[in-house]
Every structure is written in C-alpha cells, then in structure tokens.
Amino acid sequence: MNQFAESAAIVDFPTLPAAFAEKFPAASDLKFRLFGTEESDLAIDFSLEAESPALVTRILEQCAVSANGNDLPAGFFREMSAGKRLECLLRLAAGKEQTEFSFPFKCGSCAAELELNLTLDEIAEQQREADRSEQVEVKIAGEKLVFRKPRGSDQENWHRQIFSDEQSATRQIIGSLQINPNELTRHLSDEVLPIIDEAMDEADPLVNFNCTVNCAECAAANLFEVDLYRFALGELRRRQWRLLYAAHRLASRYHWSEREIFAVPHWRRRQYLDLISDEKSK
Amino acid sequence: MKSYFSRLAKQSRLRYGRANTNSPATAAKKAFGEFAPLHREETILTAPDLPENDAPVKEKNKLLPAEKFSPEKIPQNFDANNRIVHSASEIENEISKDNQSNAQTALVSDALSVVEKIVFTESEITGERDNSDALLNRIDFQSEISGGSEVKAAETTPRQPEYFKKTIENLETGTADKFEVQKNLLQEIYEWVNDAPAPTDDREQTNQPSLKQPGEVRAVVATAPNEEPSLVLRDAAKNAMGNSKPLEEQNYNLSIGTISIIVEEPPPIQNTTIQKTAVETAKTTTREFSRLSRHYL
C-alpha cells in the first residue's frame, strides 16, 4: 500500500536525446516526483523578481529522483537544452492526473471562443523530433553558419548579463550559440537576423510554441502562440498554492506544525484531507 | 508574432539597460558615492595557551623555578610583607601623575577597575615546588594575556631558619633521653618565639623597597581595551598612594564589573493632597530610594 501510494506521486521522465543520455549515463533511471508534494516545494519563490532560469533548474533538480537511489549528475539540467527543460517543466505541471493542456482563445476573425487542446504526448513528440538534430545550419550569402541549441547554462549566463536592448541581446545570443564564428556573424546585418531566428524556431519548437488553428465557425486560419514556459510556471505555482492550502487545512484541524505535516507522506495527507472534507460535508 | 530569440530572451529573463549606469550597484554609487568596504566585526576565540601547549609548559615549568626565582634575579618587587608585586607601567604613570593631591586615592581606586594587579605572597612562591610551578604558570599566563606588559620578579628574602631541627633529630635518632628532648624543645620554642617578626612595618627596618614610591609600582594592565579586570588588589594601590598601612593579608577581590545604582527622585506631590499628607510624604522621601537593596543576615 505504502509503496503503491508513494509511486502515485512519481511520473516518468521525458525521453532524453541519445547524445545527452550518453553524456549522463547515471541519469538513465531518473523519474520525477510530483511538484507540490513536499515541504521544499513551498520554498520556491515564483514571484516575477525571483523568476529566472536558475529557478527552473532548481525546480527540476529537486523533483528529479533516481529509481536506484543514484545522485543526480552535476550540471544535468543546466546542460539540457532549453526546449527539453521546457518539456520537463510541462511534465511536472501536468502532474499525474493531467494528460493534456487546454488553451482557450478567440478567433481573430469571428471572435468565436476556441480551445486548443495540447496533450503531453504531442508536446513530447514535437520535442523528440527536435532532439534528432543537435545543430542548426543556416546558409547566408553562400556561407554555412552552424548553431547549437541554447542550454540552461546559456540562459543562466544571459540572465546574469545586462544588455543595452533586445537587438543587441539577440546578436550576442546568436554569437554565443554559433559553433563556427566568422566575420559574418561578428557583423550581423538586420536582414540576416530573421533568417537565423526562423531556423532556430523550427529546430527548437517548444521555446516559441505556435501553431495554426482553423476556426470551426468561420474556417479562418488563426495563428496561435503561447509561451509554454510561463504557462508551466503558472501551473506549478498553482500546485504550490494547493500544497500550502492543504498544510493550512491540516494545521487548522489537527494543530500540527508545518514540520509535522510534511513528516506525513503525501498519500496519507490526502487521506486526512479527504476525511476533513467528509466531516465538513456531513 | 514573437520571434524565437525574443521569446528566448523573455524566458531567460534578460535585463536591459546600460550596464554601467542601470545596475543597482552603479545607481547606488551615483547617489551616495563610493561605499566604504563593509565593516566586519570578527570575534576570534582563542583558547588559553596552557591546555593547548601542555607539554611545553610543563617543560618550561621545570626550568623556570631555578631561573626566575633565584634571589639575585628578583631583588626589587618584594614588599615589606614579602609579596611580589607584578605591575605595569601604565598604572605607575597614572599614580605618579596624581600623587600630589588627595584625590589620588579615588583616582586610583577608579583606575583599579580597569587595571589588573596581582600580588602573590611569599608562601605561594617559597612553598612547595608544585605551588611555585603553578604560580609561575599564572605569572607567565598573565604576562602573555597582558600583551607584553612587564612582569618583574622581586627581591626575595632569605629562607627562614628551620626550627625544631634539634628536637626532630633527637626524636628520630632516639639517642637523647626524655629530659634532654624537653629541654631542647623548650629552647627551640624560645628561639622560635624570639624570631617572630615584629608587628611594626618591616619595610622601614629592613630597607625593603616600598610600594610608596610610584616608580616601583607595577601593575599588570590588560592591554585589550574591552577586557574586564578579573583580579584586583586594592591594598597595593593604597600603599602606592602613600597609605602607611602594611599589607598584612592577602586580599583578592574579584571584580564582577560595574553595578549601576539608579537613584530615583521622589514622586511629585500632587497639589490636591492635604497638607499633612504632604508633610509626611516629604519626610519619608528625604531618603533616597534605591533599587539595589541587599540584606545580610
């Protein structure tokens, strides 16, 4: 019972790209425990000021568990691509019970209310497809520019810097991602930037997720785009709030301290909460 | 439509602005100028040397009694009562400056609250070897903690003649008869009584250096400004200030710091009270109230 209940708070880890799995063989048995089940989840600050790539790394690290009790390899999530990290975040945001996300929006033509349902499998499939290629090649003026995909460590480094404006930041990001820097990328023209942008978008689809949705009412094509990163963090924040509320209910009913509450396993806390709910409904 | 890099920048929470001007640290520098480095107060706890260097101290103690307490080496700092006075130059100067006025006593007693003095009696030094070793440890330790303040060995008096030697010898050998033993014993008691020190100030008779002279007053001064004195001998200071009372007893006073006594004014008498009550109140309030009250049985 206990083991079964404990495993109820565990979800599968996304499939790792082959090269990445080879680099971190100790991570082959990784799983995710659900976010919003342990006391450490309450320590995550989701405020806008605290939000950073390092925060994402922290969330992922504290939710990763090894089935064999191995330690998490150093720099595992920092070396992971931004797209894969996003998939991991969405995996945690979905939890055990949720298998798809719903994104309501209005048709740009007839204002009909539409809803895009995106399943975890669809997201994973997109990322799996993207993981097949590690590098992005762009041909500009007969020259081949090779870029790698951004990683968590790149994002953390960029976050520490202060850029003069977005254009300058884009140039610096492109420069840091280029594998074969040359004279062309040192002086990127404004016309070249969209070409590189488009190629990266295609190769790393979850970062700037977008798709075309045809309206069921007017059949107009709507370009739908969503920031999955913000969406995932919002979901995790809600899970944190639910955990806090559960602790509050248990403390109010049984007068336990926070430490005592979290000494009780997640599955048994839920049982206590069910009992409290039953008492109230009677 | 958002571009890939702008979304990536947003997800990476990039910060924009001039690096030299917009960072919080730079803004603070502009507003307030250069910050002084943060003051860090550090408290370093150090264990006394004695337990740490147990073996070396023991070795040192083996050598010290012979070296430091030979009469040639300690000629000056014994007072009339055969006490060694360890002192520092600070208290000496303090005393010599104010030696003229009657306020000296008060000044010195004030100074005593911040100055540490140690006086050891002869019995501590000329007693058993272990005792003198322990004493040396204390002297050395005091010297170390006082940060180089001088610890002077004083002149020592010659050892007292051994009394009842003959009686003991007779008893041990058993050669003398009872009458002879009694006779020797009485004789030696007589000698012992005659050799007892006179109850007057020995300093004048024996020409021992007196503590009256400020140049000879020494005190071990705690060099650290915040160190509280732990051992104060007030008699030494009194002698230094010209007090003719001999130092007859070993008097260690352990200072526990300052005691603040708050004297409260009597409560104001209300105008509406009748005159009699006011008079009574005035009578009773002539005493000063004190929060510090102690009762001794």
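**Figure 1. Surroundings of R239(A) in the predicted model.** In this predicted model, R239(A), leaving aside its neighbours within four places in sequence, is in contact with F35(A), G36(A), L92(A), A93(A), A94(A), G95(A) and E97(A). R239(A) itself belongs to helix α10 of chain A, and its relative accessibility of 9% places R239(A) among the buried residues. One of the contacting residues, A93(A), has its backbone oxygen 3.2 Å from a polar atom of the R239(A) side chain.

Figure 2. Q127(A) is located in helix α5 (residues 120-131) of chain A, where a relative accessible area of 1% makes Q127(A) a buried residue. When neighbours within four places in sequence are left aside, the contacts of Q127(A) are with S81(A), G83(A), K84(A), E87(A), D204(A) and L206(A).

Figure 3. The side chains of K23(A) and E79(A) form a salt bridge with an N to O distance of 3.3 Å. This pair links distant parts of the chain, 56 residues apart, with K23(A) in helix α2 (residues 18-23) of chain A and E79(A) in the loop between β3 (64-66) and α4 (82-94) of chain A. E79(A) is partly exposed, its relative accessible area being 23%. Together with R151(A), the residues K23(A) and E79(A) are linked in a network of salt bridges. Over all chains, the structure holds 18 salt bridges.

**Figure 4. The salt bridge between E137(A) and K144(A).** Here the side chains of E137(A) and K144(A) meet in a salt bridge, with 3.8 Å from N to O. K144(A), with a relative accessibility of 41%, counts as partly exposed.

**Figure 5. The salt bridge between D227(A) and R7(B).** The side chains of D227(A) and R7(B) meet in a salt bridge, the N to O distance being 3.9 Å. The pair crosses between chains, running from D227(A), in the loop between β10 (221-226) and α10 (228-254) of chain A, to R7(B), in helix α1 (residues 4-11) of chain B. Both partners are given as buried, D227(A) with a relative accessible area of 10% and R7(B) at 6% relative accessibility. Between chain A and chain B the count is one salt bridge.

**Figure 6. The interface of chain A and chain B.** Chain A and chain B bury about 2,500 Å² between them, and 60% of this area is on carbon and sulfur atoms. The contact draws on 36 residues from chain A and 18 residues from chain B, and 18 residue pairs in polar contact, with both residues at pLDDT 80 or more, are found across the interface. On the side of chain A that touches chain B, the elements giving two or more residues are α4, α6 (152-160), β8 (162-163), α7 (166-177), α9 (192-203) and β10 of chain A. Of these elements, α7(A) gives the most, with six residues. By residue class, the side of chain A that touches chain B divides into 18 nonpolar, eight polar and 10 charged residues.

Figure 7. C218(A) counts as partly exposed, at 30% relative accessibility. C63(A), in turn, is buried, with a relative accessible area of 0%.

**Figure 8. Chain B as a whole, shown for reference to the close-up views.** Chain B has 13 helices and five strands, and 31% of the 297 residues in chain B are buried. Among the contacts in chain B with a separation of 6 or more, residues 24 or more positions apart account for 75%.

Conventions:
Residues are numbered from 1 along each chain as its sequence is written. Chains are lettered from A and ligands numbered from 1 in the order in which they are written. This is a predicted model: local features need pLDDT of at least 70, side-chain atom pairs count only at pLDDT 80 or more; totals for chains, interfaces and linings use all residues. Side-chain values use heavy atoms; hydrogens and water are left out. A salt bridge is a side-chain nitrogen of Lys or Arg within 4 Å of a carboxyl oxygen of Asp or Glu. Helices (H or I, at least four residues) and strands (E, at least two) are DSSP runs, numbered from the N terminus. Buried means under 20% relative accessible area, exposed over 50%, partly exposed in between (1.4 Å probe, protein chains only). Contact means heavy atoms within 4.5 Å. Buried area is the accessible area (1.4 Å probe) that two parts lose on being put together, summed over both. A polar contact is a pair of N or O atoms within 3.5 Å; within protein, one must be able to donate a hydrogen and the other to accept it, and residues adjacent in sequence count only if both atoms are side-chain atoms. Ala, Val, Leu, Ile, Met, Phe, Trp, Tyr, Cys and Pro count as nonpolar, Asp, Glu, Lys and Arg as charged, and the others, Gly among them, as polar.
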